Amino acid sequence: MDFFSNLLHLVLLCISFALIFLIYKQKSTRAKFPPGKKGWPVIGETLEFGMAGKRGKPEMFINDRMSKYSQELFKTSLFCENMAVFCGASGNKFLFSNENKYVISWLPPFFLKVLLPESLESFPPEDSIKIRRAVVEFLMPETLQYFTPIMDSMAKKHLETDWSPYKQVKVLPLSMKYTFALACRLFMSITDPNYVTTFADPFALIVDGLTSVPINIPGTNFNRAIKAGKVIHQKLLEVIQQRKKELLSENNATVARDFITHTLLALDESGRSIMNDLLISSNIVGLLIAGHGTTSCAITFVLKYLADFPHVYNEVLKEQMEIARSKGPNDLLNWDDIKKMKHSWNVAREAMRLIPPASGTFREAITDFTYAGFTIPRGWKAYWTPYSTHKNSKYFPNPEKFDPSRFEGNGPAPYTFVPFGGGPRICPGREYAPLEILVFMHNVVTRFKWEKAISDEKITCELSPIPVDGLPIYLKPHNHKY
């Protein structure tokens, strides 16, 4: 009797599993996935994606598939992951509006291997939220106003030291040097050029490693990047520990006003743990990558377009000279001056429309959901990119034309101009970057005119687009006095 009873239970169990399998199979058969192809086994279309960037045409990977499959959504496979690429203003709006509901932020694991300390695999989420909030607060206009004169002073010194003595300079490496030194000053209060170099050298290895084949064996760029990441974090922890001591001292009124101090003050003493020190360190690395790579890229291409279009340069010069003449000989720029740079900012935005400083970011689906009639399964990754809108004639007529007037009045339609992303995960530097760009524009155009040394210099795109020869220019100093 026991035998037949056990057998009956086994049969019923098998039937149950069979029914569950059939239901799951029917459900998955019914699901309508986005159109597209996944490419090669394992690597998918990662090579095609990377090669489009190497050729300086990252938008072609997106545009070709939008034309072939759908203007709204297509599937591919990147970095060994099933990927849904959201396109157009509606796709941008959907992803930006459904953070933490359908999707969360995601980075390829090899990025995290380089950027995050291993001990950050688990951390208190409430402290992470506090630190993220501190990042946003630090980079808001209320705080940035204080840094405007500092930026102006550093821009003047940089141009005097690294530009004025020469007849020809390369814009990209010099703008990277300037933005990195500025980030070290504002985020960590580091001003000694030699000390800045101890951060800049391993940081350069990190950037090289993030754009290399992620093979972690000695001698590879990726392996060097991992080691450099550890060096950077160790140096940052030393700075954080020093700032903690200063905050605990009786004479803490003289503590440096920077991102580290701002963040430590946002945490109570019980929250100032080594784990949170690592979180602060990781946020600084993220800020350095954004401030160093994308902002220097934006500055570089602003100068490229000002060289390409002399009438645009003259309009910017006129605006900036009016500001310069309104100030005393030793007065530095302030926040009110920045607000007067409306046309200059339109020029910068048009440069970022044509050559976005960042190619896009990734998300991960945390539940099954549908968009445009297609199912995105939980666990799939999503990708949005400015390339689906920035050069799309649906949103920007004659999209290849450099035309700053697009940003006059109400400007572009929502979710079409997205160099900083959008939604809860919008780039926290969306106020910092314009300030940094405009301060530099003011100083460089009031001091120089320039011509490109290479008229048709090619562009390649890795983490950010860059001119392959660094944008060499001939400098022509102005003779005017304010």
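Colleague: What makes strand 1 and strand 2 count as a pair?

Modeller: Pairing calls for at least two bridges between the strands. This is a predicted model, and in it six bridges join strand 1 to strand 2 (residues 81–86), so the pair passes that cut-off. The two run antiparallel.

Colleague: How many residues sit between strand 1 and strand 2 in the hairpin?

Modeller: Two residues lie between them. Phe79 is in that turn, and its phi is positive, at about 55°.

Colleague: What makes strand 2 and strand 8 a pair, and which way do they run, parallel or antiparallel?

Modeller: Four bridges join them, and at least two are needed, so they pair as well. These two run parallel. One example of a bridge here is Phe86 with Trp384 in strand 8.

Colleague: Why are strand 1 and strand 3 said to stand at the edges?

Modeller: The open sheet has five strands in the order 1-2-8-5-3, with mixed pairing. Strand 1 (73–78) and strand 3 (103–106) each have a single partner strand, so one side of each has no neighbour in the sheet. From one strand to the next, the twist averages 35°.

Colleague: How do you know that helix 3 packs on the sheet, and which strands are involved?

Modeller: Contact takes heavy atoms within 4.5 Å, and helix 3 touches strand 1, strand 2 and strand 8. Its direction makes about 130° with that of strand 1. Helix 4 (residues 88–97) lies across strand 2, strand 3, strand 5 (361–365) and strand 8, and runs at about 125° to strand 8.

Colleague: Now the charged side chains. Why is the contact of Glu462 with Lys54 called a salt bridge?

Modeller: The nitrogen has to be within 4 Å of a carboxyl oxygen. Here the closest N and O atoms are 2.9 Å apart, so the pair qualifies. That's one of 20 salt bridges in the structure.

Colleague: What makes Glu462 and Lys54 distant parts of the chain?

Modeller: They are 408 residues apart. Glu462 is in the loop between strand 10 (459–461) and strand 11 (465–467), while Lys54 is in helix 2 (residues 46–54).

Colleague: What does the salt bridge of Lys391 with Glu59 tie together?

Modeller: Their closest N and O atoms are 3.6 Å apart. Lys391 lies in the loop between strand 8 (381–384) and helix 16 (432–447), and Glu59 lies in helix 3 (residues 58–68), so the bridge ties together parts 332 residues apart in sequence.

Colleague: Which labels do Glu59 and Lys391 get, and why?

Modeller: Buried means under 20%. Glu59, at 7%, is therefore buried, whereas Lys391, at 22%, counts as partly exposed.

Colleague: What makes Glu59, Lys391 and Glu400 one network?

Modeller: Glu400 and Lys391 also meet in a salt bridge, 3.8 Å from N to O. Salt bridges that share partners join Glu59, Lys391 and Glu400. As for Glu400, its relative accessible area is 55%; exposed means over 50%, so Glu400 is exposed.

How values were computed: Residues numbered from 1 in each chain as written. Predicted model: local features only at pLDDT ≥ 70, side-chain atom pairs only at ≥ 80, totals over all residues. Heavy atoms only, no water. Buried < 20%, exposed > 50% of the residue type's maximum accessible area, 1.4 Å probe, protein only. Axes fitted to C-alpha atoms, helices over the stretch in contact; angles between N-to-C directions.
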